[in-house]
There are 2 protein chains.
Amino acid sequence: MTASIKEVARRAGVSLGTVSNVLNRPEKVTPENRERVLKAIAELGYVRNDSARQLRAGRSRTVAIVVLDGGNPFFTDVTRGAEETVEAAGSMLIVCNSGESPAREERLLEMLEQQRVQGLLITPVGTSSTARLERLSRHGIPVVLVDRGAGRGAFCSVSVNDVLGGQLAAEHLLRTGHRHIAFAGGPLTLPQVSDRHQGTTAALAEFAAENPPARLTVVDTANLTVAAGRKAAAELAAIAPGERPTAVFCANDLLALGVLQELITRGLRVPEDMAIVGYDDIEFAAAAAVPLSSVRQPRELLGRTAAQLLLEEVEDAGHQHRRTLFDPELVVRRSSEPSRPA
Amino acid sequence: MTASIKEVARRAGVSLGTVSNVLNRPEKVTPENRERVLKAIAELGYVRNDSARQLRAGRSRTVAIVVLDGGNPFFTDVTRGAEETVEAAGSMLIVCNSGESPAREERLLEMLEQQRVQGLLITPVGTSSTARLERLSRHGIPVVLVDRGAGRGAFCSVSVNDVLGGQLAAEHLLRTGHRHIAFAGGPLTLPQVSDRHQGTTAALAEFAAENPPARLTVVDTANLTVAAGRKAAAELAAIAPGERPTAVFCANDLLALGVLQELITRGLRVPEDMAIVGYDDIEFAAAAAVPLSSVRQPRELLGRTAAQLLLEEVEDAGHQHRRTLFDPELVVRRSSEPSRPA
DNA sequence: AAGCGGCAGTGAAACGTTTCATCAAACGTC
DNA sequence: GACGTTTGATGAAACGTTTCACTGCCGCTT
C-alpha cells in the first residue's frame, strides 16, 4: 500500500543507502542527489516505517504514561506536565488508562513492553505489578513511579508527601474545633489513600497527647469518583445528628465534590452541618457549590519532574535511582471555614 | 538485552518456526514441545517484539485518538467510550493531545502515520489537516472524525448537532425573557464554536420574525478553558449595567465555569444579574457554585460509536463512509432559572 | 607522475518476526 | 507389507530500515 525506501531509491535513480542518508544525515549527500531523492519522496508520498526503524534500532521514540483514572483532572494535569517535557526531547507521549483495574494495567504493561517503549511513567494500581515493572526495568525500559514512593530502591519515583497532606487536613479540622472527623476514601489498598489516612490518624494521635481524644470514622469507598462520593455522603447523612462527624476529609477532590453535592441535596449545610476538605485542589474545587478546601499538589511539576528523571535514565544507563518528594499545601476555602471558632 | 525467538528455540531444542507456532497456533504443536517452549520462554523472560511483528504483518494493533484538550472532561468521557470498544476488539487505544495547536497536531499525525496505527479517531483543530487525513485514509489508515461532521464524504464521522444545540440554548434564554444575550466562545475557526454560534443567531432570527428583535453580543475567546471564561466574564462585567447582556451562552462548560466564578467574584448574582448556559454537561456542571444549565452531549456514546465505525472500516476495506449525527439535549439548572418569568 | 587522503555512493548484512514450501515420520487401509 | 495420507517440525524468505565495509573518483601533495 505504502511506498518503501527501495521504491524511492529506484525512482530517484540512487541506491538504497543514499536515500537513508538523505533521511538521516542529509549533509553527507550531494545537493543534487538530495534534491532528486526528496522529489521522489514527495511524488510517492513515502512515509517512514517506524516498525522497521525500531526493529533495527532496538528502541522506540515513545514514552508511555499509565494513569489510574483518565478522567481525573489530577492525572490530566500531571500528564500535561510530562507531555511538555517528553515532547521537548523529541519523543512522543502516549497516555494509557488503567482505570484502577489491575487486570487492565497488566494488559497495558504487556503491550507496552512488547512495543519496547522508551520508558514508562506509571501510577501503579497496587503492588501486584511490582514484579513486572522490575522486569521492565531490567529489560532496559526505565520506569518512573508517579505519585507513589518507590518501595525499595528499584525505581526512580516522584511523589508528594501524602502522610503530611493527611496531617495538614486533619490538623486544620482539629484546630477549627472539630472533634469527630470522618475520613472518606478507598480502596485502602491504594497507597495514596492509606497514606492520607495514616496522616489523619497521626494528627489525631498528636492531638490526643494534650487534649481529650477526638474521634475518627472511616468511610471506605470503592474508588475515588464523584459517584463514590455521593454514596459516602449518603452514609454520613444517615447517621443520627448527635453521632455524626462534623467534618469529612476526602481522599481526593472528585470524592469531595460528590460528597458536597449529595449533602446539599439532602439539605445539610456545608460547612455548618459538615465541613469538607478535599485533596488535589483540582481546578474545579474552587468553582464548587461551596468552594472546596483542599490539599494542593504540584501536579504539572510532578509530571515534568517524572519525565525528566525518566529521560535522564534513558540517556544514562549507569544511573542512580532517585526519589523526589514534594510537600503539599493546604488551601482553605469556604467548605471548611470555622462555624464555631476554636 | 532481551531474548529473541531464536534463543528460545535453541534453549527449547526446537526450530524457530515451532516457537512461532506455539505463540500463534498452539494447537498445531505437540503438547510436549509446547511445554518445553513455554518453559524456555518463562526462563528467558522472553517478550514478543512488536516492531518485528508489525513489520512482518504490515499493520499494528493500536488505535489512536487525538483530542483537542486532554484536560477537558468532555474529551475524557469520549475517550472512555472509545477505549471500551477498542479494547473489546483486542486492540489498544493510545490517547494523544493536540492542545488545539495545529503544529502539534501535525507532529502527532506524522508520528502516528509512521507508526502505521490501525486507525485514527480525531477531532481536528481546524481544516488545515484535512489533506493529511485524506492521505492517511488513502494509505490504508481509516480515519473517523469525532465531534465534527465530515465536510465532504471523505471520512466517517460521528458528531452532535451543534447548530441545534446552540438553538436550544438560545431559545431557552429567549423564552425565559432575556432580550440581550451574549455568546462567549472561540476561536470561531473551531467548527464546534461557529456551529453553536450559528444556532444562536438562527434562534434569534426566528424569534425576531414574531417579536421585536433581541440583541446578541459576541465575546470572542482565545480558547475553551476556565481561564478564558474568567477573562470573558471580566469583559462582560465591565459593560455598564444597562447595556450589559442579561444572559450568556458559553460554547462549553469549562468556559461557563470560568465565567460563573469570575462573575461571583465580582459580586454579580447568577442568574439574577446574568444567567448562564454552558455546553457539554460535564460532570462538574451540576456541582458548580450555581448548578449550571448546559446542553448535554452523549459523550461516551460518541466515543463508542466512533470506535465501532473505525473498527468496521478496518475490517472491511470496501466500506461506505457514514456520518452519524446525534441530537443534544438541554438540561436546565439554577444558573438559568427565570429571574423574571416570561 | 605517482601516491595518498577524503568524499559520495553502493550493496549486503542484520534486526525479530511470520509464513510457506518442504520434509520426515507415523498412521490407517487394503 | 506397500502405499497414500495426515501430522508435526523445519529452515529459508520476506517485511523496511540502518549501518558499515568497500569501491571509485577527484584533487592535492610530494
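Tutor: Chain A is divided into domain 1 (5-48), domain 2 (58-160 + 299-327) and domain 3 (162-297 + 330-336); the bounds come from an automatic or database domain assignment. This is a predicted model, in which local features need pLDDT of at least 70 and side-chain atom pairs count only at pLDDT 80 or more, while totals for chains, interfaces and linings use all residues. Residues are numbered from 1 along each chain as its sequence is written, and chains are lettered from A and ligands numbered from 1 in the order in which they are written. Taken over C-alpha atoms, the centres of domain 1 and domain 2 of chain A are 37 Å apart.

The part to look at is helix α12 of chain A, residues 299-315. Helices (H or I, at least four residues) and strands (E, at least two) are DSSP runs, numbered from the N terminus. The expected span of a helix is 1.5 Å times one less than its number of residues.

α12(A) is mostly covered, with 12 of its 17 residues buried. A residue is buried if 20 or more other C-beta atoms, placed from the backbone, lie within 10 Å of its own, exposed if 12 or fewer, and partly exposed in between. Among the buried residues are Arg299(A), Leu302(A), Gly303(A), Arg304(A) and Glu313(A). Their cover includes β1 (62-67), α5 (73-88), β3 (119-122), β4 (143-146), β5 (156-160) and β11 (323-326) of chain A.

One residue of this helix is Arg304(A). Arg304(A) counts as buried because it has 21 C-beta neighbours inside 10 Å. Leaving aside residues up to four places away in sequence, Arg304(A) touches Gly81(A), Ala82(A), Glu84(A) and Thr85(A). Contact here means that the C-beta atoms of two residues, placed from the backbone, lie within 7 Å. Ile282(A) is 22 residues from Arg304(A) along the chain, and their C-alpha atoms are 17 Å apart.

Next comes the second chain. In all, 42 residues of chain B are in contact with 42 residues of chain A. On the side of chain B that touches chain A, α5(B) gives the most, with 6 residues. That side divides into 18 nonpolar, 15 polar and 9 charged residues, where Ala, Val, Leu, Ile, Met, Phe, Trp, Tyr, Cys and Pro count as nonpolar, Asp, Glu, Lys and Arg as charged, and the others, Gly among them, as polar. The copies meet through the same surface, because 100% of the interface residues of chain B are also interface residues in chain A.

Last, the DNA. DNA strand C is surrounded by 26 residues, the closest being Ser15(A), Gly17(A), Thr30(A), Ile5(B) and Ala52(B). Near means that the C-beta atom, placed from the backbone, lies within 6 Å of the strand. Around DNA strand D there are 26 residues, and Ile5(A), Ala52(A), Ser15(B), Gly17(B) and Thr30(B) come nearest.
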